[in-house]
Amino acid sequence: MPFKVLLIDDEPGALEGLALWIDWERLGFSVCGTAGNGVEGLKMIHGLAPDLVITDVNMPLMDGLHMIETWQQHYRDSGVKFAIMSGYSEFEYARKALRHGIHHYMLKPIIAEEAEEELGKIHAELMQEHRRLSLSAIAKREEDVSLIMQTLLEMPLRASGLSRLQVLSSAHQEWNVCLIQAESALFPDVKETVARLSAHANSEYVIDLESNRLGLVNGYSPDNGSVPSGTIRELVRHYAGQRLFMAVGEGQQSLVHIRRCYETAKEAIEHQFYDPAYGGMISYEEVRDRPFHYRYPTNLMDDVIRSVELLDKKGYREAAGLAASRFAEQRIAPGIVKKMVIHVLYKIMDLVREAEGAEARILAAKSNAAGLTDGTFHLNDLMGELLRFGEECIELLLKEQARHSQGIIQEINDYIRQHYRENLTIKRLAELFYLHPVYLGQLLMRKNGIGFNELIHNLRIEEAAALLKQNKLKNSEIAERVGYTHYNQFLKHFEKRWGMAPNEFKKKMF
């Protein structure tokens, strides 16, 4: 960026020559204006804020030295550098300028080569001063950031620190904190963007916080709204739809009370958990009357786990959907919801680890349970992760069960043949062999060609027919022995299979 130069001389030809004969751009300068005397020059210094003023000494109304003295009396620390021009006959007069701290002068008539050499020295001094001021400003800003951070985190301050915060506070009517949180992958880019956007803002301070969080402290006028920062508006625009949360706290009139802004911003940002969109911003004013609840039905997630244990994919989806609906309706605190979901994921992983094979080990490792502690998850995404992982696990466990069950189907049939006289149900059988009842029923159908209940009745009636042929027991005793508690039920199934009643069957046998 070139340094600005103001040229002052009462001779129009001299001004024109200076502007044309010297390659200002190459030397690192740009001419921002010209004036014809000291009075006019003072006004232009006020209006243009040049880095360098080159002035003639002898001018009407107010000469160059008088102008410089007047400026320095009122604005000694303004940073404006002066250089004077003087003819040979005025050399002694020009030397008086040295007593005013002016070390650069050019002899008139101006020779371009000599002037450029002097301007080169001036440019080097300006660059050195610019670096010094930049480092000083950076150091001062870092001190201010440190003071604000200490206040934000409730760390003790010295009296000098409190005094400095009060001075900073006086620059604006109100102050606030915008809490910015991004997913781990996005956070470095967000941090760099915030630093770049706020670098030249006098009333914005970036505070590094824990867990992929930044605090953007900014001062503003309440008349312009509670979120006046251009940095914040640009972040909302730039990161729309990306995994970024932002929340503004409750404004305070002094930086001394900035902790309150931070606490309320943290409270507000939690509410984005129930907002299906990403990249937006929420304010404490919007949610201050919408508290979270910390009591919840404990059976919600129990049903989710149970459906995985039963390998019931449909039931799993229904249980997870019901849990999500209840969480949103009751506004359960996000931290509690995350803990419950993570607990369920670990329970599911335990079930998967019990399965054999590399596929089970790989799937167990795919769970994102640890990553769900990231603060930039919405409820929908959290439950989506739970659904995805749970359904994959049910699929794998069903395959594992299928492989396992092929080897034990004969064992199951043998068990049925030994226990068909008892009150045996498909549910009880499934529990004994650790299979889902529906799956077990399907497995028996494929293996035997008939359903479980049909198989039970066939075995009972088959034994009953054998006992009837022996003609040693009453019909009711036979019915009870083969497993029927009601004689009418025995009659029904016997007639269905033999097409006749038990007594008729006996008559035909004898």
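Buried means under 20% relative accessible area, exposed over 50% and partly exposed in between, with a 1.4 Å probe and protein chains only. This is a predicted model, in which local features need pLDDT of at least 70 and side-chain atom pairs count only at pLDDT 80 or more, while totals for chains, interfaces and linings use all residues. Residues are numbered from 1 along each chain as its sequence is written, and side-chain values use heavy atoms, leaving out hydrogens and water.

View 1. Glu-391 is partly exposed at 23% relative accessible area, and Arg-317 is partly exposed at 40%. Helices (H or I, at least four residues) and strands (E, at least two) are DSSP runs, numbered from the N terminus.

View 2. With 25% relative accessibility Glu-234 counts as partly exposed, whereas Arg-237, at 55%, counts as exposed.

**View 3. Tyr-415 and Phe-433 make an edge-to-face pair.** Rings of Phe, Tyr and Trp (its six-membered ring) pair if their centres lie within 6.5 Å; planes under 30 degrees apart count as stacked, over 60 as edge-to-face and the rest as tilted. In this pair the centres are 5.8 Å apart and the planes stand at 80°, so it is edge-to-face. Tyr-415 lies in helix H16 (residues 379-419) and Phe-433 in helix H17 (residues 426-433), 18 residues apart. Tyr-415 is partly exposed at 22% relative accessibility, while Phe-433 is buried at 12%.

**View 4. Arg-460 lies over the face of Tyr-484.** The distance to the ring centre is 5.1 Å; a charge sits over a ring if NZ of Lys or CZ of Arg is within 6 Å of the ring centre and within 35 degrees of the ring normal. Tyr-484 also belongs to a cluster linked by ring pairs, together with Tyr-487, Phe-490, Phe-494, Trp-498 and Phe-505.
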